Amino acid sequence: MQISPRCALAIGGVLVGCCSGGVFLELLVKLDPGIGNLVTAAQFAFIALEGLIFTSRLGQAQRNISLRDYALLVAMFFLTSVCNNYVFEFKVSMTLHMIIRGGSLISNMCLGTIILKKSRDLPGHSIGQSGATDADVWRWLVGVTLLVLALFVSSYMGITQELLYRRHGKCAREALYYTHLLPLPAFLLMHDNIRTHWRLACEGETYTLPLLGVAVPLILLYLLGNVLTQHLCISSVYALTTECSSLTVTLIITLRKFISLVFSIVYFRNPFTIYHWLGSVMVFVGTLMFADVPRLPGSRRAEPLKRD
């Protein structure tokens, strides 16, 4: 299979940007587990500002997709983004977070079969440790439930993007801009939480910048790193959606999550039990099987999606 330069560049951006963003997110969560809403708001604000200048050209550029068509996509993207970053408040570990989100390919397959009428040939946490209270267990279950909800909503969102691109053509930069701009007012509902964790960040440990000799809060440095790498990550994902089907995009993202999982275990020395390994193997081997990666050379390729 020949990969276009645009597709290869987008895949590289996904691997570099998303993996780096995951590292910064883990550094942030270790310092402040409840920082999720602040991280999400900062990501949305930065990407919306960049899009306002370079994509919308300060409102002068004409839209390809109406705001009405964007409404559902925006709602789903906001929900998944908030849930995925907020679950750390419920004591969900980073490793479990990655494993559950790694199941996005299978959820995409299920929804794709139902909505897009696709068919494929299928081949023939530490919360359980002693000392955890019932309240801890229920709190953890809430976090896991939010992750699973976000997993299926995210898969449906990818299918919605695919349908929009069929009707309106490739407009990844525009979609990236509006999906980050339109939800910004919703963060006002979280202003107390965001303000609290901003204050904690400013009052926390500092780091002295070399050469400049200026001391800045360490959390804000990690937040800046996360925002910049997340911009590279999400813009690459949106570019990839214009080059590949939603299933292929989900496969690439899932494999990226596997890389992040291994790095998290090795570098951050996160606890990883036999049950974590079993779940990881089932998710990622299942990913490869659903994507027909083991198919022998010479097998018939699936036909590309046709645009209306």
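Entry 1: Val266 sits in helix α10, where helices (H or I, at least four residues) and strands (E, at least two) are DSSP runs numbered from the N terminus. I then found Val266 in a nonpolar surface patch together with Leu15, Val16, Leu232, Phe258, Ile259 and Val262, and the accessible area of the patch is about 560 Å². Patches are made of residues with over 30% relative accessible area and no salt bridge, like charges being joined within 9 Å and nonpolar side chains (Val, Leu, Ile, Met, Phe, Trp, Tyr) within 5 Å. Accessible areas come from the Shrake-Rupley method with a 1.4 Å probe, and for residues only the protein chains shown count as cover. Helix α10 (246-267) and α1 each supply at least two residues of this patch, and the largest share, 4 residues, is from α10.

**Entry 2: basis of the values.** I note that this is a predicted model, in which local features need pLDDT of at least 70 and side-chain atom pairs count only at pLDDT 80 or more, while totals for chains, interfaces and linings use all residues. Residues are numbered from 1 along each chain as its sequence is written, and side-chain values use heavy atoms, with hydrogens and water left out.

**Entry 3: the protein as a whole.** I recorded 11 helices and 2 strands, in the order α-α-α-α-α-α-α-α-β-β-α-α-α from the N terminus. Of the 308 residues, 47% count as buried, and the accessible surface comes to about 16500 Å², with 65% of that belonging to carbon and sulfur atoms.

**Entry 4: the second largest pocket.** Which residues lie nearest the centre of the second largest pocket? I found Arg6, Ala172, Arg173, Ser235 and Ala239 there, among 15 lining residues. The elements that give two or more residues to this lining are α1 (5-31), α7 (172-181) and α9 (218-241), and α9 gives the largest share, 5 residues. By class I noted 8 nonpolar, 3 polar and 4 charged lining residues, where Ala, Val, Leu, Ile, Met, Phe, Trp, Tyr, Cys and Pro count as nonpolar, Asp, Glu, Lys and Arg as charged, and the others, Gly among them, as polar. The volume of the pocket is about 280 Å³. On a 1 Å grid over the protein atoms alone, a pocket is an open set of points where a 1.4 Å probe fits, with protein on both sides within 12 Å along at least five of seven lines, and lining residues have an atom within 4 Å of a point. Grid points are joined across faces, edges and corners, and a volume is the space filled by probe spheres set on the points.

**Entry 5: salt bridges.** I counted 6 salt bridges in the structure, each a side-chain nitrogen of Lys or Arg within 4 Å of a carboxyl oxygen of Asp or Glu. Arg173 pairs with Glu50 at 2.7 Å, N to O; Arg173 is partly exposed at 36% relative accessible area, whereas Glu50 is buried at 15%. Arg166 and Glu162 form a salt bridge at 3.8 Å, N to O, and both residues are buried; they are about one helical turn apart because 4 residues separate them in helix α6 (residues 134-168). Asp192 and Arg195 pair at 2.8 Å, N to O, and they too lie about one helical turn apart, being 3 residues apart in helix α8 (residues 191-203). Salt bridges that share partners also join Arg6, Lys170 and Glu243 into one network.

**Entry 6: backbone and a helix contact.** Where does Lys91, with its positive phi near 65° in a residue other than glycine, lie? I placed Lys91 in the loop between α3 (67-86) and α4 (94-101), partly exposed at 47% relative accessibility. Arg269, which is not a glycine, has a positive phi of about 55°; Arg269 is in the loop between α10 and α11 (274-290) and is exposed at 72%. Last, I looked up Val237, which is in helix α9 and buried at 12% relative accessible area; its C-alpha atom is separated by 7.4 Å from that of Val249, 12 residues apart along the chain.

Terms used: Buried means under 20% relative accessible area, exposed over 50%, partly exposed in between (1.4 Å probe, protein chains only).
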